[in-house]
Amino acid sequence: MDTQEFDRLLKEETEIAEQVLHKYLPREEGWQREIIEAMNYSLLAGGKRLRPVLMRQTYLMCGGKEDAVIEAFMAAIEMIHTYSLVHDDLPAMDNDQYRRGRETTWHVYGDAMGILAGDGLLNYAFETALKAVELCYEDGEAHPDWEDITRIRHIWTALSVLAQKAGIHGMIGGQAVDVMCEKKPETAGEITDEKLVFIHAHKTAALIQASMMIGAILAGASGRQVTDIEKCGYNIGMAFQIQDDILDVVGDSLELGKPTGSDAQNHKQTYVTMKGLEQARRDVEVLSLEAAAILEGFAGEHEFLKNLILTLIYRRK
């Protein structure tokens with residue numbers, strides 16, 4: 001696939017993800033309107049929409065048909081990712097005032113509303129994902145396309161993956177260890193290579209794993225295939241986070257839409273500070289190539305997905 005074709009497809013996939021997200025936005029009404037405004041402000045801040053794109057492409061690769069079930073989960077994963085960013089930016093966490101080129105949610109609405117907006121996004125994500133179950137029925141009766149109970153079980157399995165990868169054994173667990181190491185180094189102990197990998201694997205890779213695993217599960221992939229996809233997602237997530245660490249050192253703040261050099265200013269241990277810039281770059285390449293190789297074991301179309309993974313090596317934002 002040449003660069004021009006890939007760029008065209010990436011734009012198309014990103015637009016699809018954006019349209020899906022707009023479809024599931026909560027309505028800004030009622031006494032609680034301000035928190036919903038804050039939630040939507042966060043969701044519509046732009047971004048790569050990488051997770052819903054990965055989910056949809058994995059779904060199609062594994063034989064899934066385009067339908068509203070995958071769309072509900074695409075919106076849900078982006079809501080969870082966005083909530084994590086809203087909370088990351090809070091004064092008690094990273095204390096960032098800009099993200100994606102504009103003011104962060106707490107800086108616009110206040111830190112209390114920033115906390116609540118994140119909470120709202122997390123809860124609303126599961127409200128949204130559960131709409132996939134409603135789509136299996138029509139007027140209280142089983143829809144003809146959904147007579148096989150196996151497909152319902154796939155939805156519940158996907159919900160379980162979403163909850164686990166977003167929770168204390170996934171993203172929140174990684175965030176907690178990261179905060180402990182940064183805010184309470186005297187009790188958290190020294191940041192070792194093993195601990196840093198744990199943080200990256202849980203804080204960043206877990207949601208990428210969830211995105212791809214859910215796509216595979218909803219498409220009816222085998223247990224072995226889902227396991228392979230989980231490993232692929234791990235590699236992508238690790239490469240993505242290491243590249244983030246690299247860009248914090250060498251990136252352009254205008255391209256990134258947020259300040260660079262914050263890790264160094266906060267004396268934060270990162271993959272780059274522990275391994276060095278060149279080793280970090282090599283590891284991004286190795287992880288990305290391994291992830292792409294895993295896709296070769298799938299019979300479905302995966303050329304675009306493979307190219308998407310390989311762009312991680314060269315991304316600048």
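Author: Start with the second largest cavity: helix 8 (residues 171-183) gives the largest share of its lining, 5 residues. Helices here are DSSP runs of H or I with at least four residues, strands are runs of E with at least two, and both are numbered from the N terminus. The model is predicted, so local features need pLDDT of at least 70 and side-chain atom pairs pLDDT 80 or more, while totals for chains, interfaces and linings use all residues. Residues are numbered from 1 along each chain as its sequence is written, and side-chain values use heavy atoms, without hydrogens and water.

Reader: Which residues line the second largest cavity?

Author: D88, M93, D94, Q175, D178, V179, E182, K183 and K203. A cavity is a set of points on a 1 Å grid over the protein atoms alone where a 1.4 Å probe fits but cannot get out, and lining residues have an atom within 4 Å of a point.

Reader: How do they divide by class?

Author: Into 2 nonpolar, 1 polar and 6 charged. Asp, Glu, Lys and Arg count as charged, Ala, Val, Leu, Ile, Met, Phe, Trp, Tyr, Cys and Pro as nonpolar, and the others, Gly among them, as polar.

Reader: New topic. How much space lies in the largest cavity?

Author: About 110 Å³. Of the 13 residues lining it, S42, A45, D89, R99 and T105 are the closest to its centre.

Reader: Which element gives the largest share of that lining?

Author: Helix 4, with 3 residues.

Reader: And how many cavities of 30 Å³ or more are there?

Author: The search of the whole structure finds 3.

Terms used: 1 Å grid on protein atoms, 1.4 Å probe; cavity = no way out; pocket = protein on both sides within 12 Å on 5 of 7 lines; lining within 4 Å. Points joined across faces, edges and corners; volume = space filled by probe spheres on them.
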